[in-house]
Structures are given as C-alpha cells and as structure tokens.
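Here is a short tour of a protein model, written for someone who likes to know the cut-offs behind each term. Have the viewer ready and follow along.

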Amino acid sequence: MPLLVLILPLKVEQISPDNKLALLSLTLLCGAITASISNIAAGWLSDRLFARSGQRTAQIAGGLAAVLIALAVFAWAHSPASLIGAIVLFQFTLNMLFSPIGALLADKVPHSVKGRMAAVLNLGMPMGTLMIAALTLPFFTSERERLIALAIVIAALVTPLLFTAHRQPNLEADASAPESFAATFPSPTHDLAWAWIARFSVQISGAVIFGYILYFLQDILFQSEATTAVSPDQALGQMSLAATPVAIVAGLSAGFVSDRLMARKAILLLAAGMVAAALWVMVIWPNWPVTFAAYIVFSAGLTAYLTIDAAIVTQLLARSASRGRTLGIMNLTNTLPAILTPALALALNSASLSQSELIPLMQFAAVLAIIGALAATRIRTVG
C-alpha cells in the first residue's frame with residue numbers, strides 16, 4: 001500500500017507532471033494485469049510445493065527476496081518505460097509472496113476461528129495505511145529513504161513466518177466443503193461464484209480510493225481550500241493515521257463477532273453499506289473535514305468486509321487440494337478492479353482529475369459496493 005498509494009504517485013508526478021493521471025493509470029493497469037496472471041501462477045506453484053512437502057514456506061522465502069529486489073529496481077526507474085517495468089516486476093514478485101501466505105488460512109485454521117484469524121490477517125490493510133502515515137513524517141525526506149524503510153519493515157514482518165508456519169499442523173480435508181473452484185464456478189448460483197462477484201464488486205471501491213486519493217486531495221480538495229495548512233501528502237498521512245486504529249477495531253470486531261454468532265453475511269451487508277455511504281459522502285461534500293471522516297468510515301467498512309469475506313471463502317475451500325490456485329482465481333477480485341479503474345480513468349482522457357471526472361468513478365464504485373452486498377446474500381452454505 002505505501003508503494004502504490006504514496007510513493008508511486010509522487011514518483012509519477014516527478015517523471016511526468018503534465019500527464020500524471022495518464023501515466024499513473026497506465027502504470028497501475030500494467031501492474032494489475034501482471035498481478036492477475038502471476039497470482040494464479042503463484043497459487044498453482046504453491047499447491048505443487050504443498051503437495052510435495054506439506055508447506056509453502058520455500059515460496060514465501062523466495063517471494064520475499066524477490067520483492068526486496070523489485071523495490072531496488074523501482075528506485076532506479078527514472079522514465080515512464082522503466083517505471084512501468086519496475087511496477088510490473090514488483091507486482092509479479094509481490095504475488096509470488098502473497099499467494100502462499102493467503103493459502104495458509106485455508107491450510108491450517110479451523111472453521112471455528114477463521115473469522116478472527118481472517119481479521120488478524122486483514123490487519124495488513126490498516127497497518128499498510130499506518131505505514132503510509134509513517135512515511136509522510138518529516139524524518140523521511142526522499143524517496144530512497146522511504147523505500148529503504150519499506151523494505152526493512154517488509155523483511156521484518158515476513159521473516160518470522162518462515163520459522164513458525166511449519167509448527168502449525170495442516171487441517172484434514174473437510175468433506176462438507178466444495179471440492180474445487182473449477183468444478184463449482186460454472187454454476188451461476190453456486191456459493192463460490194457469488195462470493196467472487198461480491199468481493200469483486202466491493203474491491204472496485206478500494207481501487208478507486210487507494211489509486212487516486214492523493215490526486216483527489218491535490219487537484220480537487222486543496223485547490224479550493226486555501227485555509228488548509230498541510231500539503232496533500234501530509235493530509236493523506238493524517239487521514240491514514242486516523243483511519244488505522246478504527247479499521248483495526250472494525251476488522252477484529254467483525255471477525256470475532258462473526259465467529260461467535262456465525263452470522264457472517266449480516267456483517268458483510270453492514271460493511272458494504274459503510275463503503276458505499278462513504279463514497280457518496282466524499283463526492284457530494286468534497287471538503288476537508290467531511291473527506292477526513294468519510295475516509296475513516298470507508299477504511300473501517302472495507303477492512304471489515306474483506307475480513308469476513310476471507311473467512312467465508314477459505315471456509316468454502318477447506319476440502320480443496322488446489323486452494324492456492326483457487327485463491328489465485330478468487331484474488332482476481334483484487335486485480336481486475338485494479339485493471340478496470342485505471343482503464344476508466346484513461347478513458348476520461350485528462351491529465352488531472354476534475355469534479356466532473358471524479359463523480360462517475362465514485363458513483364460507479366458506490367453502486368458496485370451495494371451490488372456486492374446483494375451478491376453476498378446469495379451464499380447459502382455459510383450463515
């Protein structure tokens with residue numbers, strides 16, 4: 001998140017200040033296409049390794065090393081072509097790391113605690129938001145310093161998993177769960193298909209906000225508010241800092257309550273409503289206090305939604321022997337929105353956002369969040 005939400009837009013502005021929206025959108029688009037393909041490939045690879053050894057840690061270790069190399073390549077990029085190439089490399093390596101980590105929830109965590117474990121895993125998003133806030137502090141005066149700090153944090157957080165993952169035993173197959181995504185997806189009413197549609201619809205909002213929030217602050221909000229005493233990147237840091245604890249509480253609460261009540265779909269509906277409402281408010285009242293509050297609500301709703309969604313999907317995949325690959329297919333709900341959103345921005349054909357261009361993007365995302373909530377109600381085998 002710090003790389004794509006903060007560091008990349010700032011670098012794009014340095015490389016192409018007069019055409020920053022187009023270059024950012026094209027860069028995000030190429031990265032998202034790469035992520036879509038590499039996540040499935042990485043899931044397939046992790047399934048092969050898991051079938052042989054019962055573990056996925058070898059791929060996690062290789063993915064970590066590759067991500068750190070990709071961050072160094074990004075630092076050396078100083079032209080549009082090299083920047084796009086660096087993001088393509090980063091997305092490939094990130095998914096090689098991310099895919100086997102995500103599969104651990106299905107490998108090792110019993111259904112009775114999947115909600116709370118998914119909540120812990122989904123702290124990744126608000127903690128990533130907190131890292132954005134940290135990297136906007138005056139202590140970090142250059143892109144190089146921010147990238148070094150980011151690399152250190154990534155290595156420090158992933159490395160312990162390499163020594164602990166094998167200690168948790170793998171789950172035995174659950175005969176009540178669907179055998180595979182491939183076998184069930186063709187049915188339009190099947191639970192996994194509806195889960196895919198639900199997550200895809202809500203993830204559009206994340207792609208809109210996290211992809212363009214900095215430029216929204218720069219080109220719309222602060223253009224008309226002379227009283228604001230902070231720069232747009234500092235404002236993003238303040239928003240991220242305030243949103244993080246709220247999102248953490250929302251995600252943990254959603255996970256624990258869903259485990260206790262086994263009523264995951266009701267929480268999904270509430271969280272999707274929060275996402276949609278926050279988007280509409282940011283469009284209708286584009287001023288600093290309202291945007292600040294709406295961003296907090298948005299982050300909390302999206303974190304809670306993704307927490308419960310992860311618990312539902314991994315519960316449905318408990319029997320599958322190809323859950324890494326299947327999660328790669330499910331994770332197209334992360335990458336396809338990241339393709340669709342910059343493609344729409346490119347279709348607007350403008351170098352900077354204006355109110356008339358932002359409204360259709362935000363409205364589109366808000367409507368899809370509601371569609372995602374409705375799709376979640378069609379899941380039958382999880383309460």
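## Ground rules and a first helix

Helices (H or I, at least four residues) and strands (E, at least two) are DSSP runs, numbered from the N terminus. The model is predicted, so local features need pLDDT of at least 70 and side-chain atom pairs count only at pLDDT 80 or more, while totals for chains, interfaces and linings use all residues. Residues are numbered from 1 along each chain as its sequence is written, and side-chain values use heavy atoms, with hydrogens and water left out.

Just after α2, Gly54 has a positive phi of about 75°.

## Around Ser299

Ser299 sits in helix α12 (residues 288-316). With a relative accessible area of 4%, Ser299 is buried; here buried means under 20% relative accessible area, exposed over 50%, and partly exposed in between (1.4 Å probe, protein chains only). Not counting residues up to four places away in sequence, Ser299 touches Met125, Ala243 and Ala247, where contact means heavy atoms within 4.5 Å. Ala250 is 49 residues from Ser299 in sequence, and their C-alpha atoms are 9.0 Å apart.

## Salt bridges

The structure holds 4 salt bridges, each defined as a side-chain nitrogen of Lys or Arg within 4 Å of a carboxyl oxygen of Asp or Glu. One of them joins Arg199 and Asp309, at 2.3 Å from N to O. This pair links distant parts of the chain, with Arg199 in helix α9 and Asp309 in helix α12, 110 residues apart. Both ends are covered: Arg199 is buried at 8% relative accessibility, and Asp309 is buried at 2%.

Glu13 and Lys20 form another bridge, with their closest N and O atoms 3.6 Å apart. Here Glu13 is partly exposed at 26%, whereas Lys20 is buried at 6%. Asp47 and Arg56 also meet in a salt bridge, at 3.2 Å from N to O, and both of these residues are buried.

What else does Arg199 touch, leaving aside its neighbours within four places in sequence? Its contacts include Tyr305, Leu306, Met330, Thr333 and Asn334. Asn334 is 135 residues away from Arg199 in sequence but 8.1 Å away in space, C-alpha to C-alpha.

Gln203 is found in helix α9 too, and is buried with a relative accessible area of 12%. Beyond its neighbours within four places in sequence, Gln203 is in contact with Leu302, Leu306, Thr333, Asn334 and Pro337.

## Nonpolar cores

A nonpolar core is a set of buried Ala, Val, Leu, Ile, Met, Phe, Trp, Tyr and Cys residues joined through side-chain atoms within 4.5 Å. The largest one has 95 residues, and those with the most contacts inside it are Leu3, Phe74, Ile209, Ile213 and Leu236. Helix α9 gives the largest share of this core, 18 residues. Apart from it lies another core, of 5 residues, among them Leu105, Ala118, Ala310 and Ala311.

Leu236 shows what such packing looks like residue by residue: not counting residues up to four places away in sequence, Leu236 touches Val5, Leu6, Ile132, Ile213, Leu214, Leu217 and Tyr295.
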